[in-house]
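Subject: Structure handover

Hello,

Please load it first, then read the notes below it.

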Amino acid sequence: MWKKLEIHNHEIEFEKNEGKAIIELQLDENPRQCYLIDIFSVDSVDYIALVDSENSELIILLYELEDEESGEIKLNSLEDEDKLDEIYHLFSHYWDYDTIDEIVSEYESDLEDSDLNE
């Protein structure tokens, strides 16, 4: 269920994703495995918040659904540093580090459980 808020004169919708996902990103020469925290929008522009499974770095990218039928998505970096800082700031009004840490712990627990069941 989406949570709609108004923060600093921006219309924001959080928790647009359904469930958990582990996404592999290729931001540099080494692929990163990331945990999905949230798909959210700020003033009708969609973003995705991920946490790197290795170093717990929070990553926010532009999110675009390329093909609704196949579910193919396109992720892009925000080039404007000021805009990126603003999006991080707005995101932090809803998501605090403790809650993100809890979600990461759930992912790690789920992965441990699936390893034990194999």
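This is a predicted model: local features need pLDDT of at least 70, side-chain atom pairs count only at pLDDT 80 or more; totals for chains, interfaces and linings use all residues.

Asn9 counts as exposed, because its relative accessibility of 71% is over the 50% cut-off. Asn9 sits in the loop between strand 1 and strand 2. Its phi is near 65°, a positive value in a residue other than glycine. Most residues other than glycine have a negative phi. His8 also has a positive phi, about 50°, and is not a glycine. His8 lies in the loop between strand 1 (3–7) and strand 2 (10–14). At a relative accessible area of 49%, His8 is partly exposed.

Now the overall fold. The protein has seven strands and two helices. Along the sequence the pattern reads β-β-β-β-β-β-β-α-α. The radius of gyration is 15 Å, close to the 13 Å that the globule rule gives for 118 residues, so the protein is as compact as a globular protein of that length. The C-alpha trace spans about 50 × 30 × 30 Å along its principal axes. Of the 118 residues, 35% are buried.

Glu13 is in strand 2. Its relative accessibility is 12%, so it falls under the 20% cut-off and counts as buried. Glu13 and Trp2 are 11 residues apart in sequence, and their C-alpha atoms are 6.2 Å apart.

Next, salt bridges. How many does a search of the whole structure find? It finds seven.

- Asp46 and Lys16: the side chains meet at 2.8 Å, N to O. This pair links distant parts of the chain, 30 residues apart. Asp46 is in strand 5 (residues 45–52), and Lys16 is in the loop between strand 2 and strand 3 (22–25). Asp46 is partly exposed at 25% relative accessibility. Lys16 is buried, with a relative accessible area of 19%.
- Lys20 and Glu106: the closest N and O atoms are 3.4 Å apart. This pair also links distant parts of the chain, 86 residues apart. Lys20 is in the loop between strand 2 and strand 3, while Glu106 is in helix 2 (residues 97–116). Lys20 is partly exposed, with a relative accessible area of 42%. Glu106 is partly exposed too, at 42% relative accessibility.
- Lys83 and Glu86: the closest N and O atoms are 3.7 Å apart. Both residues lie in helix 1 (residues 81–94), three residues apart, about one turn of the helix. Lys83 is partly exposed at 30% relative accessibility. Glu86 is partly exposed at 30% as well.

Lys20 and Glu106 also belong to a network of salt bridges, linked with Asp110.

Last, surface charge. Which residues gather in a patch of negative charge on the surface? They are Glu64, Glu66, Asp67, Glu68, Glu69 and Glu72. Strand 6 (residues 58–67) gives the largest share of the patch, three residues. Glu68 is in the loop between strand 6 and strand 7 (72–76). At 69% relative accessibility, Glu68 counts as exposed.

Best wishes

Terms used
Residues are numbered from 1 along each chain as its sequence is written. Side-chain values use heavy atoms; hydrogens and water are left out. Helices (H or I, at least four residues) and strands (E, at least two) are DSSP runs, numbered from the N terminus. Buried means under 20% relative accessible area, exposed over 50%, partly exposed in between (1.4 Å probe, protein chains only). Patches are made of residues with over 30% relative accessible area and no salt bridge: like charges are joined within 9 Å, nonpolar side chains (Val, Leu, Ile, Met, Phe, Trp, Tyr) within 5 Å. Accessible areas come from the Shrake-Rupley method with a 1.4 Å probe; for residues, only the protein chains shown count as cover. A salt bridge is a side-chain nitrogen of Lys or Arg within 4 Å of a carboxyl oxygen of Asp or Glu. Lys and Arg count as positive and Asp and Glu as negative; His and the chain ends are not counted. The place of a charge is taken as NZ of Lys, CZ of Arg, CG of Asp or CD of Glu. The radius of gyration is taken over C-alpha atoms; the globule rule is 2.2 Å times the number of residues to the power 0.38.
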